[in-house]
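I opened this model to look up its metal site and its packing. My notes are below.

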Amino acid sequence: MRRIAAITALALMLAGCDQNMDVQPKYNSYSYAPLFRGSSLRSPPAGTVARGDIERERETQTKPAMTRELLARGQNRFEIFCTPCHGQTGEGNGMVVQRGMPHPTSYFDPRLRAADDQHFFDVITNGYGAMYSYASRVAPRDRWAIVAYIRALQLSRHAALSDIPSKERQKLEVSQ
Ligand code: HEC
């Protein structure tokens with residue numbers, strides 16, 4: 001009996017704990033705050049740099065070195081974010097396009113083959129015509145990785161036998 005009374009008392013005491021932060025004095029966003037003589041939402045002090053901004057800016061400015069890992073990452077990101085419209089090969093016939101989205105220019109178009117890496121990076125960052133920006137979904141380093149992969153796609157249809165290292169070329173010539 002005593003135990004039940006103790007448990008009931010404890011339960012009542014715990015129920016009483018709910019009051020804390022719900023009822024403390026506080027400002028709601030955009031409400032008038034007499035303390036600041038203005039909105040309760042304060043602007044950051046001049047010169048404030050958001051966390052991660054400097055690193056992001058550095059990654060935007062520096063193209064990473066071309067490695068097998070970078071290409072693999074680029075392929076992975078391309079397949080997630082770009083194939084729905086640009087298709088697996090970059091011809092621009094992805095499923096969304098087959099369902100009515102305007103057909104993007106094929107990556108094999110002479111204009112896009114001649115375009116520099118920065119153009120592809122900027123299209124991902126800012127969007128282009130009917131295509132929206134991917135800046136919030138694809139981090140700068142991954143944008144460079146995707147650009148590298150697009151370059152590999154373009155090369156895949158325009159490589160000459162002489163582009164292949166001689167050791168690998170011998171293997172190809174033997175197997176023919
Ligand atoms: C929802 C569909 C869609 C997705 C997803 C998409 N794009 Fe596009 N993209 C388009 C369309 C549509 C155009 C053509 C826009 C226009 O000309 O108005 C385009 C154009 C482009 C162009 C050509 C720009 C030029 O100079 O003609 C590039 C490069 C490109 N996209 C890269 C990408 C990359 C890289 C991704 C993935 C990060 C991506 N797109 C994802 C729809 C998409």
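Background: I am working with a predicted model, in which local features need pLDDT of at least 70 and side-chain atom pairs count only at pLDDT 80 or more, while totals for chains, interfaces and linings use all residues. Residues are numbered from 1 along each chain as its sequence is written, and side-chain values use heavy atoms, with hydrogens and water left out.

Iron site: I looked up what holds the iron atom of the ligand and found H86 (NE2) and M131 (SD), at 2.0 to 2.2 Å. Donors are N, O and S atoms within 2.8 Å of the metal (3.2 Å for Na, K and Ca); water is not among the atoms, so sites may look incomplete. H86 sits in helix α4 (residues 83-86) and M131 in the loop between α7 (117-126) and α8 (140-156), 45 residues apart. Helices are DSSP runs (H or I, at least four residues), numbered from the N terminus.

Burial: I noted H86 as buried, because its relative accessibility is 11%; M131, at 23%, counts as partly exposed. Buried means under 20% relative accessible area, exposed over 50%, partly exposed in between (1.4 Å probe, protein chains only).

Contacts: I listed the partners of Y107 beyond four places in sequence, and they include H86, F78, F120 and I150. Contact means heavy atoms within 4.5 Å.

Helix α8: I found 12 of its 17 residues buried, so α8 is largely enclosed by the rest of the structure. Among the buried ones are W144, I146 and Y149. The cover over them includes α2 (53-61), α3, α6 (110-114) and α7.

Key. Helices (H or I, at least four residues) and strands (E, at least two) are DSSP runs, numbered from the N terminus.
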